[in-house]
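Please report on the structure shown here.

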Amino acid sequence: MTAASTPAPGSVAPPLDPATKSMDELVALCKRRGFVYPASEIYGGLNGFWDYGPLGTALKNAIRDHWWKHSVECPPLDPDTGEPVSIVGLDSSIIQNPRTWEASGHVGGFSDPMVDCTETKKRYRADQVEVLVVEGRGKWAFMENQPDTIAKKLKKAGVALDDGERKLLPDFDLSEFASIIAPDTDKPGTFTEPREFNLMFSTYVGALATEDNKAYLRPETAQGIFLNYKNVLDTMRVKVPFGIAQIGKSFRNEVTPRNFIFRSREFEQMEMEWFCAPEDSPKWYEFWKQERMDWWKTLGIAEANLRFRDHDDDELAHYSRMCVDVEYKYPFTAPGFGELEGVAHRGCFDLTQHQEHSKTKMEYFDQERQLAAKAEGKSKEEIDAVSKYIPNVIEPASGLTRAVLVLLCEAFTPTPDRKGSAYIMSFKPKFAPVKAGVFPLVNKDGMPEVARKLYLSLREKHAVEYDAKQSIGKRYARMDEIGTPFCFTVDGDTLDDQTVTVRERDTLAQERIHVDQVEAYLDAKLAE
Ligand code: ATP
């Protein structure tokens, strides 16, 4: 670095509490700046479907690549051996033989309870409906964590939110439904009895739409991994313990898609199935639990906004022995938290089910355990018991599109005191859709030529943008709103001393560096 630095007008402010952030403003910014658009918007949209715009796609790809790198290319070290653990990648079909979903339990059991309102014809997921009960006055229902939506009704009835107690709808006896006022009506007693609703989207394979041709869009990427467990074992040089990782689309016909892209009907998942010996599974469960939390922190998410939540026995899914969620404090859950990833101990449920349904043997022969047991002088029965088994599975399962939402929420920072931009998106530089802006201060006097040359060399390595339109203040403001961490500006001095100004998004600090140093500067910042 050559020239002297200009003092920073302000140091980095501590991250804002998500509770202070407005989802409406964030959703509007995402649309206005090309992060996320409602799907098929010109036809009125389609509830639960979203399109990722140019910047949202770049953000999503950056998270995806980071997960793949840390899972497949550069996985963590085995705490016992100090060697990298073994994980391979996969990309399986979205549509599989429908028997897959019978074996996995999805055809019979992948459902949510739903209730309808006979008055408004609206549909709700029963376990997400909360009811405020004010003794002797009434019972008002609203969607979980959204009591504001019934504020008007309560005011009219002359009661306040803290006048009563809150209970979830499934905790009411059916006979009490007659006195509950559904979220979008003023009349009591319009809820239907809860019914189970299967979340899988079905389709038909081939020309005829008959029951025989019925198939499903996968509701999770995990089963494609189980179906290929034997293929991977037989064709790759892997030994238990090892993992198979996959990123891809999943589809769930959610009863109430909501909270922007948090719960949508088409979304992307990043899942890894870790196959291990049954005795080692508690150790690996703890290992992956901690690894996953540490990984989320590498995305630049404040520690205070992340937490673990262990599942109680009665909320474990049918396949799961232990499960913990990594949760984030979303603006719409704050001060509470909502799921971001689940780390589940699935036991040998899936492989055993597929073994039974497909008649394909899923047993693993563990030569190392056999040798160790032999060396210990164990009996044949004891040796067989430890060396032949169906592996247990630890599954870290997260949502890629939900991770996009978390980074959008985390980065979104209103800046009422900043001239020009109402918001900044303070992404960690590595994940910013545009890593740097390159500007000529004015579009003349040889500045555009130098700036374009710099831009053309930087773009070989990083996603950078050249912008020569509008005032420099407007260009900075746009970069702030899309979260570009650095802007390099070529000005009159550049022509004399070959230095450019670097402006830093969060602190507004400006310094001059030699034009030849720009690439190294950016490389260093993006490696952090
Ligand atoms: P929930 O109970 O909230 O419906 P889940 O516990 O069934 O979700 P999993 O099956 O464990 O979710 O899926 C793993 C991850 O996939 C979740 O942690 C979440 O990040 C993501 N995910 C699941 N459903 C959706 C959805 N409808 N929209 C976006 N992401 C989702």
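## Backbone, ligand site and helix packing

Lys359 sits in the loop between helix H9 (349–358) and strand E18 (364–365). Helices (H or I, at least four residues) and strands (E, at least two) are DSSP runs, numbered from the N terminus. This is a predicted model, in which local features need pLDDT of at least 70 and side-chain atom pairs count only at pLDDT 80 or more, while totals for chains, interfaces and linings use all residues. Residues are numbered from 1 along each chain as its sequence is written, and side-chain values use heavy atoms, with hydrogens and water left out.

**Backbone.** Lys359 has a phi near 65°, a positive value in a residue other than glycine. Most residues other than glycine have a negative phi, and most peptide bonds are trans. The peptide bond from Val240 to Pro241 is cis, with omega near 5°. Pro241 lies in the loop between helix H7 (229–235) and strand E13 (242–251). The bond from Ala334 to Pro335 is also cis, with omega near 5°. Pro335 is in the loop between strand E16 (322–328) and E17.

**Ligand site.** The ligand is surrounded by 16 residues. A residue counts as near if one of its heavy atoms lies within 4 Å of the molecule. The closest are Arg252, Glu254, Arg263, Ser264 and Glu339. Strand E14 (266–276), strand E17 (338–347) and strand E20 (392–399) each supply at least two shell residues. E17 gives the largest share, 4 residues. By class, the shell holds 4 nonpolar, 5 polar and 7 charged residues. Here Ala, Val, Leu, Ile, Met, Phe, Trp, Tyr, Cys and Pro count as nonpolar, Asp, Glu, Lys and Arg as charged, and the others, Gly among them, as polar.

| Protein atom | Ligand atom | Distance |
|---|---|---|
| Phe262, backbone N or O | nitrogen | 3.3 Å |
| Arg263, polar side-chain atom | oxygen | 2.7 Å |
| Glu339, side-chain N or O | oxygen | 2.6 Å |

The protein covers 83% of the 600 Å² of accessible area that the ligand has on its own. Accessible areas come from the Shrake-Rupley method with a 1.4 Å probe.

**Helix pair.** The axes of helix H1 (residues 23–32) and helix H12 (residues 400–411) come within 11 Å and cross at roughly 110°. Axes are lines fitted to C-alpha atoms over the stretch in contact, and angles run from 0 to 180 degrees between N-to-C directions. H1 and H12 are therefore roughly perpendicular (65 to 115 degrees). Met23, Leu26 and Cys30 in H1 meet Leu405, Leu408 and Cys409 in H12; contact means heavy atoms within 4.5 Å. The residues of this contact are 6 nonpolar, no polar and no charged.

Note on methods
Polar contact = N/O pair within 3.5 Å; in protein donor to acceptor, adjacent residues only side chain to side chain. Parallel < 35°, antiparallel > 145°, perpendicular 65-115°, else oblique.
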